[in-house]
Amino acid sequence: MIKAVFVNLVRFVVLVFLQVFLLKNITLYNLSTPYLYILFILLLPFETPNVLLFVLAFILGITIDAFYDTPGLHAAACVLLAFVRILFISITVQKDGFDNEPEPTLSIMGLRWFFTYALVLTLFHHFFLFNLEAFNISELQYMIGRVIMSALFTVFLMLMSGLLFFRRKERK
Amino acid sequence: MRNLLIFITKYNAFFLFVIFEVFSLVIYIKYNSFQKATFINSSNKVTGDLYTRVSGLYEYLKLREVNDHLARQNAELRNQLKSSFYVDTLKKHKITDTIYKQQYEYIVAKVINNSVNRSNNYITIDRGSKEGIAKGMGVISDQGVVGKVIYVSDHFAIIQSLLHKDSQFSAMLAKNKEIGYIEWNDHLDPHMAVLKDVSNNAQPKLGELVVTSGYSLFPAGIPIGKISSLQTKSGGFLLNMDVKLSVDFSDLQYVYVVNNKFAKEQAALEAQKKE
């Protein structure tokens, strides 16, 4: 329990720093901006209570907002992400499997499940984020291009970090 | 009542979602325009300090370019010195000149946070109200117009960059002084902007210089960019054209905040007229 809290705290700090000081400066062809920080919400343990999940999502979002000068924008997107996460997990994972599988990481859940999970959640988050930021339907085609390219970049980084911290013995 | 409680606990995820989502959207809508002061931005103590430290690391990588810029500007300024002109009269008068009064004052500041890839871009600088910066002042760099100050704390200030969908500055063609206004275009390209509402008889040419008009926050004649293409579609009285910006926003290091000393007087007078 204490170990899980510690690991998630470190993950929070590292992801926020990485997002704010490195990834914030990266854009490919005015189209693709990665938002890797949402990996924190994706990797919270299965047994996190819903209240705690929403509170953490909100805190993460407002922290990123403080650095991006957009109060409320990332918080709103993160809360939506937390909701989609609850729905996705309740549909795809059996409840009695929780004892052996504490966290939805790549090394525990396998590539196929993790890839779908990351892609669906990232698409929801990015679509909501970009549309709320622009608040404008006139450039829909360009907007959808931005959402898809950014989501691909983000998921790519997520898989990379998943492979980087891959632990073989956990996989049964 | 009991059934209601059971219903709520069963679908608690949805109700929690609604509560938190409404809360964040209220924050977003209420504070996004910076009209009201809020502590959730990059000019507060924690984020401001962190940005200052990290930009201290980055600036070592750019020392060479900054040096080049400074040397070039020094040479330009040296050309304007009195001592670099040859004086061909022997008689010298000493006159205390009362005609000139300084109207514009420049405060140099370092950029500690910057973005170019979002639809609303802001820049944070390391000077604030203690150094005399106030809301509404214009900001330029040695290459041209950068934006305007929208939020000030004691030691930091936030600039709404020209790359912002609400940014609009009065501009004119350098040659024939035809007035228009400059705006960022819709494609989020950090090198391009649009010059709008120029009168039809201006006859602009490709590559012509666009400068500030002196009607807004900046002194007249500060460069903005060069005309890169003429949008021929509009057949009305007013022309629009694409402008390639002279400032490289992705590589801003030092900026100057322009303090127009007569701005208050002008604003007061113009407000009076409207009544």
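Helices (H or I, at least four residues) and strands (E, at least two) are DSSP runs, numbered from the N terminus. Keep that in mind as you click through this predicted model. Local features need pLDDT of at least 70, side-chain atom pairs count only at pLDDT 80 or more, and totals for chains, interfaces and linings use all residues. Residues are numbered from 1 along each chain as its sequence is written, while chains are lettered from A and ligands numbered from 1 in the order in which they are written.

**Stop 1: chain B**

Select chain B. Five helices and twelve strands make it up. Of its 275 residues, 30% count as buried. A residue is buried if 20 or more other C-beta atoms lie within 10 Å of its own, exposed if 12 or fewer, and partly exposed in between, with C-beta atoms placed from the backbone.

**Stop 2**

Now pick β8 (192–199) and β11 (238–245) of chain B. They pair in the antiparallel sense over six bridges; two strands pair if DSSP finds at least two bridges between them. Which residue of β11(B) is the bridge partner of Val198(B)? Select Leu239(B) to see the partner.

**Stop 2: where the chains touch**

Show both chains. In contact are 27 residues of chain B and 28 residues of chain A. Contact means that C-beta atoms, placed from the backbone, lie within 7 Å. On chain B, α2 (12–31) and α3 (45–58) are the elements that give two or more residues to this side. The largest share, eleven residues, comes from α2(B).

**Stop 3: helix α7 of chain A**

Select residues 140–164 of chain A. This helix, α7, has 25 residues and reaches 36 Å from its first C-alpha to its last. That is close to the expected 36 Å, where the expected span is 1.5 Å times one less than the number of residues. Colour its buried residues, including Arg146(A), Phe153(A) and Met158(A). The buried residues of α7(A) pack against α2 (39–42), α5 (106–109) and α6 (111–134) of chain A.

**Stop 4: Trp113(A)**

Move to α6 of chain A, where you find Trp113(A). Why does Trp113(A) count as partly exposed? Because Trp113(A) has 14 C-beta neighbours inside 10 Å. Finally, select Thr92(A), 21 residues from Trp113(A) along the chain; their C-alpha atoms are separated by 8.8 Å.

Notes. Contact = placed C-beta atoms within 7 Å.
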